[in-house]
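Welcome! Please take a moment with the sequence and the 3D structure below, and then we can walk through them together.

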Amino acid sequence: MQDGIRNSGSPNGILYEAVVESPPPAESSVTPQDVLVVPEIENTVIEDSVIVDSHYDISVQASVVDENQDMVLATTDVNISGQDSFTMEYSESPSQDIDMQDAAVAFDQKPLSTPPLTATLPAKDEPIPTSSVHLTLNGTKPPNGAVLQPQDTTPAYRVKFIMSGHTRSISSIKFSPDGTMLASAAADKLVKIWDPEHGELLDTFEGHTEGISDIAWSSDGEFLASASDDKTIRIWSLETGEVAKVLKGHTNFVFCVNFNPQCNLLVSGGFDETVRVWDVARAKPLKTLPAHSDPVTAVTFNHDGTLIASCAMDGLIRLWDTDSGQCLKTLADDDNPICSHVKFSPNSKYILASTQDSTIRLWNTQTSRCVKTYTGHTNRTYSIFCDFAPGGAYIVSGSEDSKVYLWHLQNRQIVQVLEGHRDVVIAVASNPTRPMIASASVEKDLTIHVWVDTNAETLDS
Amino acid sequence: MNTKLLSNPFNITYPTAVQTSLYSQASFAKFDPSGRFVAAGLPDGSARIWDLDTKSTVRWLEGHVKAVTSVDWSRYSRYVLTSSKDWNVVIWDLASDTDPPRRVATVRFDAPIASASFHPRNSQILLVLLSVGEAYIVDLRKEHRGRTELCEPDDADEDSRQRNAAFTVARFDPSGKHIFIGTSAGYIVVFNSRTKTMVARHRIAGAGILKGLDFTKSGRRLATNSSDRTLRQFNLPVYPSPPSIPTSSFTPPPSSPPSNLSNGANGSNEMNEVNGTINMDASILETELEPMYRFHDPINKVAWHSMSYSPDGDWLAGGAADNATHKIYIWDLQNEGQFASALDGGREPLVHIHWHPTKPMIASTTNRGNILIWHCPTPERWGAFAGGFEEVDENVEYEEREDEFDIEDESDFIMRKQRMEEEPVDIFALEDTPTSTSLNALTSTTTNGHSHNPHHSLSAPLPHPHRQWHDSSSGANGTEVASRSRDEDEDLAWADEDPDEDYMEWRLKVLMEEDEDVR
């Protein structure tokens with residue numbers, strides 16, 4: 001994220017042209033809208049054109065400098081969110097003759113909060129005004145429309161509800177497959193079911209004797225599995241509200257759990273460094289895979305249930321064949337930082353993995369290469385969840401700086417940062433059926449925030 | 001999906017070893033079209049549905065009072081058809097919540113039933129063969145409700161032996177357009193499913209009573225098992241489709257299905273008179289079919305209990321009726337029908353065999369009732385545990401590149417990495433892997449290559465992310481009707497009218513067991 005002067009052709013957003021226009025000076029006869037009236041100044045140079053997207057909350061420091069970059073004509077801290085223009089005041093009038101053509105508008109972004117900003121200065125042979133310059137941003141579409149994910153609207157998630165009820169750190173939240181319910185698990189040994197549309201608590205499941213690390217919904221929404229430090233996994237039936245099965249077998253804390261798409265198998269991983277596959281209907285363990293050499297932090301099935309991906313604190317991501325239990329592949333980057341979470345893409349060709357070096361990587365499972373990297377958040381200690389945002393054009397993740405980050409999937413830029421939590425945001429979940437994200441936080445802030453994208457065109461609510 | 005990761009360079013596509021045994025008292029076992037389940041019929045009148053993921057029984061279909069003689073699956077595995085010696089045929093709905101599942105229909109006949117099967121496209125059309133040698137088509141749809149006996153027309157110059165011959169085996173072909181019936185006189189009689197008229201009669205020289213029929217997925221080849229202990233493979237001719245009486249629309253013949261089309265000769269005259277798309281040969285095709293290959297056991301002269309094609313049609317598996325051993329013979333049809341391998345399944349003799357619809361997997365049933373699941377064992381690749389390493393078969397001399405060990409500037413490296421990451425990534429498109437489209441291959445017709453896929457997102461990339469907000473609709477098969485060409489698809493259209501409720505996305509509910517003991 002350098003300061004925002006870049007070549008045009010940036011794949012997102014809209015190409016703007018900054019028209020520098022003069023303020024209406026008292027004695028000038030030039031109308032403000034188009035021509036810049038400046039005193040006679042020579043030797044200007046044009047900067048490259050850049051791209052501004054005014055949909056964002058943009059708070060920048062803009063400065064107009066001359067060609068040699070040794071003279072700053074004006075600087076200002078300005079919030080140009082949604083605005084078409086802003087005015088920059090000079091602290092003092094320039095002592096040299098500077099042609100506006102040589103001037104440049106440099107946007108210095110607040111770090112990591114916006115995509116890079118750019119602005120174009122027209123090739124006008126105009127001098128710089130003496131007291132202030134009013135910059136107008138006009139928009140035109142990029143010529144080749146190089147938008148890779150046809151998401152015309154950029155996300156603007158706003159808090160809808162803040163739900164509290166847990167008494168200890170929340171560890172995991174998941175939306176039900178139809179998007180109508182949100183389940184949360186916490187160190188207070190409870191599983192709570194919420195209604196994210198209305199912000200209400202629907203149900204609480206009690207039964208574990210130790211704190212819970214992870215929960216998972218079955219794909220028909222009938223069952224909920226919870227993995228707990230009491231070394232068991234409990235399967236709760238939504239229909240009866242009671243525990244349906246208790247799966248015993250792990251020899252240490254169970255950390256992660258997931259159903260397969262057909263809901264007849266459950267996979268779990270834990271601090272005993274194994275990955276276990278269970279028969280749901282019979283509550284029997286089917287396979288125990290000697291998966292890793294450190295606690296297993298995440299396990300998941302792919303979209304048709306034929307593959308299991310697991311990641312662990314040894315930094316490795318392994319792919320297993322469900323049928324035979326054989327290891328098919330190991331994905332590892334150079335450093336082996338502790339891997340917190342893995343998730344398959346909807347077509348299972350890619351795996352999203354977050355690691356505790358504050359990076360999220362997208363791996364191509366077939367070529368075993370990392371194809372995208374997302375940085376900017378903080379993840380050094382906790383196993384923070386990451387997910388594909390609703391719509392599939394963004395990646396969402398929590399962070400240890402109490403914020404929720406959203407990156408553009410293709411160009412890896414941070415598109416939005418959601419603030420509101422007061423402690424580490426350990427879990428995020430994206431609603432499968434509507435443009436809604438939930439986030440949950442730990443000890444000092446025991447709330448679940450539900451965010452809704454006000455920009456998304458929901459076709460059916 | 002895993003075929004790429006589990007790539008076996010030699011690609012032997014028949015199973016070689018037993019993966020598991022399902023302990024049951026089954027008389028026979030059959031895979032479902034998706035390959036997830038096995039249906040087994042028991043001599044006590046019940047049928048069991050086994051889940052291959054968990055290797056355990058998930059549904060008990062209890063209702064018959066005498067032995068179950070055959071089991072069939074509907075296209076997307078939602079409905080199961082069981083026929084029994086107690087004169088009944090029952091359709092079960094596996095999508096129902098209860099166990100035993102809800103019975104959709106029970107059809108009664110007046111004799112024990114030898115076999116029953118669904119029409120491949122519509123589970124409301126049934127083909128039932130009674131043990132006395134009569135075959136019926138039962139149509140449960142509102143508009144076409146009725147029961148038609150399939151009879152051969154009486155021709156003057158008919159071979160008397162054949163006229164009195166009983167039907168011994170009856171099957172739909174994979175497209176559902178025709179019904180193939182084997183008789184006790186060694187003939188195969190072909191009926192058109194829609195018109196219930198006979199379109200062909202083939203004599204098979206040397207065959208005794210026909211005991212079994214199996215088709216390749218494309219429907220172009222047929223294997224027969226007959227009492228002369230020989231399996232024969234035939235290439236099937238194309239059968240002309242008799243036009244319906246109003247030829248210019250999709251509606252079926254206006255009369256309700258004729259109860260007995262007894263006058264075949266007159267029938268064909270009638271058809272000749274009608275306007276429209278008449279094929280030149282509207283009369284009955286009478287030929288003698290010459291088999292491409294004959295398979296028999298020259299040494300022991302053992303008969304065959306049953307046979308089954310592999311999904312690609314390249315292999316034929318035959319279950320030997322040997323009393324002492326459990327033997328499955330595999331022939332390689334790509335290579336002149338050569339004998340490829342004989343699988344030995346232990347002491348318990350074989351009674352039935354069925355090949356998995358998509359994978360190299362066979363289910364063979366022993367006379368004790370146990371079902372052996374055969375698979376291709378993949379050797380464990382220990383190299384998969386180390387990231388970044390590839391296993392090679394032989395030592396490779398490595399020639400490093402000229403610039404291999406150049407020290408690269410850190411910032412250059414970062415720039416290069418950034419640029420590589422600009423490549424677009426598609427997380428939604430599913431390419432057509434063999435496993436995901438096997439179901440499509442199964443449902444595509446032979447004449448029309450258009451594959452059935454009512455569920456959009458499986459076959460094409462989602463063009464717009466917002467499409468996700470819509471719930472996936474349960475694809476009604478009837479929507480496909482309009483897109484077809486008229487001529488060849490009247491039969492298909494007839495079958496697709498009033499479609500059943502079998503669709504790809506139905507889910508088998510996981511029913512929690514009450515306690516540990518398996519019933």
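Contact here means heavy atoms within 4.5 Å. With that in hand, B:S46 touches B:A40, B:G41, B:L61, B:E62 and B:V68, leaving aside residues up to four places away in sequence.

## How to read this report

This is a predicted model, in which local features need pLDDT of at least 70, side-chain atom pairs count only at pLDDT 80 or more, and totals for chains, interfaces and linings use all residues. Residues are numbered from 1 along each chain as its sequence is written, chains are lettered from A and ligands numbered from 1 in the order in which they are written, and side-chain values use heavy atoms, with hydrogens and water left out.

## Chain B as a whole

Let us begin with the overall picture. Chain B has six helices and 29 strands; helices (H or I, at least four residues) and strands (E, at least two) are DSSP runs, numbered from the N terminus. Of the 519 residues in chain B, 50% count as buried. Buried means under 20% relative accessible area, exposed means over 50%, and partly exposed lies in between (1.4 Å probe, protein chains only).

The accessible surface of chain B comes to about 24,500 Å², and 49% of that belongs to carbon and sulfur atoms. Accessible areas come from the Shrake-Rupley method with a 1.4 Å probe, and for residues only the protein chains shown count as cover. Among contacts in chain B between residues at least 6 apart in sequence, 54% join residues at least 24 apart.

## Two residues inside chain B

Back to B:S46, which lies in the loop between β3 (37–41) and β4 (47–51) of chain B. B:S46 counts as buried, because its relative accessibility is 6%. Its side chain makes a polar contact with the side chain of B:D44, at 2.9 Å. A polar contact is a pair of N or O atoms within 3.5 Å; within protein, one must be able to donate a hydrogen and the other to accept it, and residues adjacent in sequence count only if both atoms are side-chain atoms.

B:R201 has its place in strand β17 (residues 198–203) of chain B. Is B:R201 buried or exposed? It is buried, with a relative accessible area of 2%. The side chain of B:R201 makes a polar contact with that of B:E286, at 2.3 Å.

## Where the two chains meet

How many residues of chain B are in contact with chain A? There are 51, and they are in contact with 66 residues of chain A. Between them, chain B and chain A bury about 5,100 Å², with 53% of it on carbon and sulfur atoms. Buried area is the accessible area (1.4 Å probe) that two parts lose on being put together, summed over both.

Across this interface, 18 residue pairs are in polar contact, both residues being at pLDDT 80 or more. On the side of chain B that touches chain A, α1 (2–5), β5 (56–61) and α4 (410–420) of chain B each supply at least two residues. The largest share, three residues, comes from α1(B). That side divides into 20 nonpolar, 13 polar and 18 charged residues. Here Ala, Val, Leu, Ile, Met, Phe, Trp, Tyr, Cys and Pro count as nonpolar, Asp, Glu, Lys and Arg as charged, and the others, Gly among them, as polar.

## Salt bridges between the chains

A salt bridge is a side-chain nitrogen of Lys or Arg within 4 Å of a carboxyl oxygen of Asp or Glu. The structure holds 25 of them over all chains, and the count between chain B and chain A is five. One joins B:K359 and A:D323, whose closest N and O atoms are 3.9 Å apart.

A:E239 and B:K509 also meet in a salt bridge, at 3.4 Å from N to O. This pair crosses from the loop between β14 (232–237) and β15 (243–248) of chain A to the segment after α6 (490–496) of chain B. A:E239 is exposed, with a relative accessible area of 59%, whereas B:K509 counts as buried at 18%. A:E222, A:E239 and B:K509 are linked in a network of salt bridges.

## A:R412 and its partners

A:R412 forms a salt bridge with B:E421, the closest N and O atoms being 3.0 Å apart. The pair runs from A:R412 in the loop between β30 (403–408) and β31 (414–419) of chain A to B:E421 in the loop between α4 and α5 (438–443) of chain B. A:R412 is buried, with a relative accessible area of 7%, and B:E421 is buried at 6%.

A:R412 also forms a salt bridge with B:E422, with the closest N and O atoms 3.3 Å apart. B:E422 lies in the loop between α4 and α5 of chain B and A:R412 in the loop between β30 and β31 of chain A, so this pair joins two chains. At 37% relative accessibility, B:E422 counts as partly exposed.
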